[in-house]
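Please examine the protein displayed below.

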Amino acid sequence: MLKAIITRLAFVAALIYCSAAWAVTGETAEFVKLADDVYAYVGKRNDANAMVIVTNQGVVLVDTGNSQPDTRDLAAKIKSVTNQPVRWVVISQYHGDHFGGSPFFMPATVIVHDRVAKEIAAMKPYQIKSWRKRFPERSGALEGLAPIDMVMSFPDRMTLQLGGKRIELIYVDDIYNTGDVAVWLPEQRVMHGSFAAYRERHPDIRPDYSHGTTITMLKQLEALIALNPRVVVTAHGPLGTVTDLQIMIDYLLLARQKVRVMMAQGMALPQIIKAFHMNEFKDWDRATHFDWMAETIHRELSGQGPIIVTIKELQASGELTRVIEAGRNLSLKTSNGQEIRLRVTSDTNIEGAADRTRLALGMKARVLYKEPEDFNPALGYDVIELEVDPR
Ligand SMILES: [Zn+2]
C-alpha cells in the first residue's frame, strides 16, 4: 500500500519533472497585465512577486518588492500604468521580501492578518529604525511614523469593494499559519496565492514553523484550488495556474511520504536529513531548503510543535569574502580566520551602504548577529546591525 502510494507520487513527480524544462524567472523583473487594471510584478531570478490592482479609488498593492531597488522599480512600473496613488498595501506573508518595501508607500494603509499586526506592533527599536530609514527619499513621509501606525488587520476574511472592483482577502485557519493572506479577484479569476503558491522553487519551511508547516500549506492549497483561479501570482517564481497549486500538493505529499518511510525504517533525524532530497523536481530553485524541510516534516510527523530556539546576540568584525543574492547572503572572515555565514534581512540596520545591494567583496565590516542555540543555521545567521567602511 505504502509502496503503491510512493510509486504513484514518484510517477506524478516524474511527469512534473518532464514538463518542467523552464528555469527561474528572468534577469530583470517583468510587469505583466493579467486582466483589465490588474498586473503582476514578477520578480527577477525568482525574487518575491507582487500584484497590482488599479481602481478609481486608488491602487491596491499586494506585497512590496524584494529589496529597495526592486521596490522603486515596482513603484515606477505602477506609475507607468496609472496616476492613482497606492492607497492600500496588502501583505500576503510577513517576511522581509514581501513586507520590507512597505515604508516606500506610506502613508498607505497596510492590511495584514491579525497575527501579523501583533508582530508588527512588537517590532524592536532596531527594526523600526531600519524600516524608517530604508528609503531616504521618503524620509518626510516616514518621520515620526511607526510601522504599526498604518496597519489595519482582520481575523479570517476581508473584502474590499473599490471603484466597482471586488477584492477578497483570505486567511486559511491553521494553528501554524503565521498570517498568510491570499488575494482573490473573483470576477477576473486572478489570485495572489501567498506563501503556499510556489512554482519551481522548493518551499522555505523551517523547524521553528515560522513559515508554517507542510500541513498549513496543504490546507491553504486546497482552499485556493477550490476557487479555480485562471492565473496565480505565486509568492516566488513564474506566474502559474491552478495546476501549479495541484503540483505543490503532490510535491508536499511526496516530501512527507519520503520522511515517513525513513522514520518507519528507524532512521534517526540526522540520517533522514542527510538522505532527504526532492530531486524529482530537478530544475527547481533553492535545493538549499532540503535540510530544514526534512527536519520540519520530521517534527510534524512525530507530533512535535515548533522548535523553540534560544538566540544569542554576537559581534564580529572582518572582511566580506562572499556576497551573493544581491547582498542577502554574506560570508565574513574574521581576523582569526573564522568564516561566518550571514543573512542580511530586511530588518538589518545597515550603516555605511545605502542598502544590501551595495555590499561588495572585500569590504571591512562589523556585525551584530543572531546565533540560535542548537539550531541548524542552514542559510546563515541573521544580521541585526551591519556597518561597513564606505567605499
Ligand atoms: Zn518570500
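Q: What share of the 391 residues counts as buried, and what makes a residue buried?
A: In this chain, 43% of the 391 residues count as buried. A residue is called buried if 20 or more other C-beta atoms lie within 10 Å of its own, exposed if 12 or fewer do, and partly exposed in between, with C-beta atoms placed from the backbone. This is a predicted model, in which local features need pLDDT of at least 70 and side-chain atom pairs count only at pLDDT 80 or more, while totals for chains, interfaces and linings use all residues. Residues are numbered from 1 along each chain as its sequence is written.

Q: Why does Ile 350 count as buried?
A: Ile 350 has 21 C-beta neighbours inside 10 Å, and therefore counts as buried. Ile 350 belongs to strand β16 (residues 349-351); a strand is a DSSP run of E of at least two residues, a helix one of H or I of at least four, and both are numbered from the N terminus. The residues that Ile 350 touches, leaving aside those up to four places away in sequence, are Asp 355, Arg 356 and Leu 386. Two residues are in contact if their C-beta atoms, placed from the backbone, lie within 7 Å.

Q: How do you know that the radius of gyration agrees with a compact globule?
A: For 391 residues, a compact globule would have a radius near 21 Å, and the chain has 21 Å, so the two agree. The radius is taken over C-alpha atoms, and the globule rule is 2.2 Å times the number of residues to the power 0.38. The C-alpha trace spans about 65 × 60 × 35 Å along its principal axes.

Q: What makes a group of residues a nonpolar core, and which residues have the most contacts inside the largest one?
A: A nonpolar core is a set of buried Ala, Val, Leu, Ile, Met, Phe, Trp, Tyr and Cys residues joined through C-beta atoms within 7 Å. The largest has 77 residues, and those with the most contacts inside it are Val 52, Ile 53, Leu 61, Val 89, Val 90, Ile 91 and Val 183. Helix α8 (residues 242-264) gives the most to this core, with nine residues. A second, separate core of 17 residues includes Val 323, Ile 340, Leu 359 and Ile 384.

Q: Why are β1 and β7 said to stand at the edges of the sheet?
A: Seven strands form an open sheet in the order β1-β2-β3-β4-β5-β6-β7, with mixed pairing. β1 (30-35) and β7 (151-154) each have a single partner strand, so one side of each is left without a neighbour in the sheet. Two strands pair if DSSP finds at least two bridges between them.

Q: How do you know that β3 and β4 pair, and in which sense do they run?
A: Five bridges join β3 (residues 50-55) to β4 (residues 58-62), and these strands run antiparallel; the definition asks for at least two bridges, so they count as paired. Ile 53 stands opposite Val 60 in β4. By contrast, β5 (residues 86-90) and β6 pair in the parallel sense over three bridges.

Q: Why is strand β6 called largely enclosed?
A: Four of the five residues of β6 (residues 109-113) are buried, so the strand is largely enclosed by the rest of the structure.

Q: How do you know that domain 1 and domain 2 touch?
A: Ten residues of domain 1 are in contact with eleven residues of domain 2. The bounds, 2-250 for domain 1 and 311-388 for domain 2, come from an automatic or database domain assignment.
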